[in-house]
Amino acid sequence: MLIWMLAFVPIAIVLEFVVPQQHLWVFLAAALAVIPLAGWLGKATEQLAERSGEGVGGLLNATFGNATELIIALSAMRAGLYDVVKASIAGSIVGNILLVLGASMLAGGLRHSEQHYNASAARSQATLLTLAAIALVMPAAYNAVIAVRAPMGLQRLSLYISLVLLLVYGLFLTYSLVTHRSYFAGDSKAQDESQTEGLWSRGKAIAVLAVATVLIAWVSEILVAAIEPTARQLGLSNLFMGVFVVAILGNAAEHASAISAAMKNRMDLTLSIAIGSSVQVALFVAPVLILASYFISAVPMDLAFSNGLVLSLLMAVLITGQVAGDGRSDWLKGVQLLAVYLILGLAYFFTPDIPMAHG
């Protein structure tokens, strides 16, 4: 399926040059083109993960999977669409821990009655998500109460919080890959049983990663340019487009890899991809975007997310901590996570397009 969907890559490029005014068709073609590219990117990282263990493999998958998200966000930032950037960040975090993890637990639970993973690793990542939620609540609170009296303070606060988050993420990498690597090693028996297909060579995997990343960058520019006119044409808000449409496209690689791992009974890898990807977006991608905005934009971006986005993040983090903290999963837990994601989606779908601050 991924092979024939690659046809949308040249289709999107041709439409952008031939009929750029047909925003809806350009957006649809670009969106469909991102899916197979992200899928191939995810497949290549999964091949590399087979040689690296669950912890390193999950980190690789999350990193290259989030490359799509980062590229799309940088494109939107250059276009001045800060509201879309913030919505896509929040949507990526929420989507990974509710949609990706929920679908993985459901798919894995339908094949295996009960699955197990390292509860200590899951709790440590859930705690990092709570830390990230706190880091995003404070700029929103500052913006609501103090920013009117000290407008420049919000940018400085966002910058310093970003530096703290980057430091914490670096320490988490040390924790998960060096000092407590055994927590994230996974079940070697489940890993061995899953290796039923021939592995790609390391050179082939790296080549696919490079080509997919370049094409995703190209297609993302086309996609971002068509977001606002497409949203107006469909009667959707930029908020909904960012939180759900753009975020789902950016998470396509994680969807495929996490669900595949869960069906192979490799839940440690699934948790490492799904929750680990949200942790990486919150502690690495978001701060990097804040720092990048100082170089590619006249007005730096801040971390003051809207109240609705912050509330969505808090609720998603809360239920994820409860679901993932006991070291076992089944299909009902997946349904619960998916139900929360659906409820949030309905709330944003019926939210009118209210302009957000570009900052």
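These questions and answers go through a predicted model and the terms used for it.

Visitor: What kind of model is this, and what limits apply?

Guide: It is predicted, so local features need pLDDT of at least 70 and side-chain atom pairs count only at pLDDT 80 or more, while totals for chains, interfaces and linings use all residues. Residues are numbered from 1 along each chain as its sequence is written, and side-chain values use heavy atoms, with hydrogens and water left out.

Visitor: How do you know that the span of helix H9 agrees with its number of residues?

Guide: Helices are DSSP runs (H or I, at least four residues), numbered from the N terminus. The expected span is 1.5 Å times one less than the number of residues. H9 has 24 residues, 202–225, and should span 34 Å. Its end C-alpha atoms are 35 Å apart, which agrees.

Visitor: Why is Val18 called exposed?

Guide: Exposed means over 50% relative accessible area, buried under 20%, and partly exposed in between (1.4 Å probe, protein chains only). Val18 has 59%, so it is exposed. Val18 sits in helix H2.

Visitor: Which residues of H2 are buried?

Guide: Val9, Ala12 and Ile13 are the buried residues of helix H2, residues 8–18. They cover an arc of only 95 degrees around the axis, so they lie on the same side of H2. The arc is taken from the directions from the helix axis to the C-beta atoms.

Visitor: What makes the nonpolar surface patch?

Guide: Val14, Phe17, Val18 and Trp218 make a patch of about 460 Å². Patch residues have over 30% relative accessible area and no salt bridge; nonpolar side chains (Val, Leu, Ile, Met, Phe, Trp, Tyr) are joined within 5 Å, like charges within 9 Å. H2 gives the largest share, three residues.

Visitor: How many aromatic pairs are there in the whole structure?

Guide: A search finds eight. Among them are Trp40 and Trp200, with ring centres 6.1 Å apart and planes at 20 degrees.

Visitor: Why is the pair of Trp40 and Trp200 called stacked?

Guide: Rings of Phe, Tyr and Trp (its six-membered ring) pair if their centres lie within 6.5 Å; planes under 30 degrees apart count as stacked, over 60 as edge-to-face and the rest as tilted. At 6.1 Å and 20 degrees, the pair is therefore stacked. Trp40 is in helix H3 and Trp200 in the loop between H8 and H9, so the pair ties together parts 160 residues apart in sequence. Both are buried.

Visitor: What makes Asp302 and Lys86 a salt bridge?

Guide: A salt bridge needs a side-chain nitrogen of Lys or Arg within 4 Å of a carboxyl oxygen of Asp or Glu. Here N to O is 2.7 Å. Asp302 lies in the loop between H13 and H14 and Lys86 in H5, so this bridge ties together parts 216 residues apart in sequence. Both residues are buried.

Visitor: Which residues are linked in a network of salt bridges?

Guide: They are Glu114, Asp326, Arg328, Asp330 and Lys333. Lys333 meets Asp326 at 2.7 Å, N to O. Arg328 bridges to Asp330, with the closest N and O atoms 2.4 Å apart.

Visitor: Are Lys333 and Asp326 buried or partly exposed?

Guide: Lys333 has 10% relative accessible area, so it is buried. Asp326 has 42%, so it counts as partly exposed.

Note on methods. Helix = DSSP H or I, 4+ residues; strand = E, 2+ residues; numbered from the N terminus. Areas by Shrake-Rupley, 256 points an atom, 1.4 Å probe, with all protein chains shown as cover.
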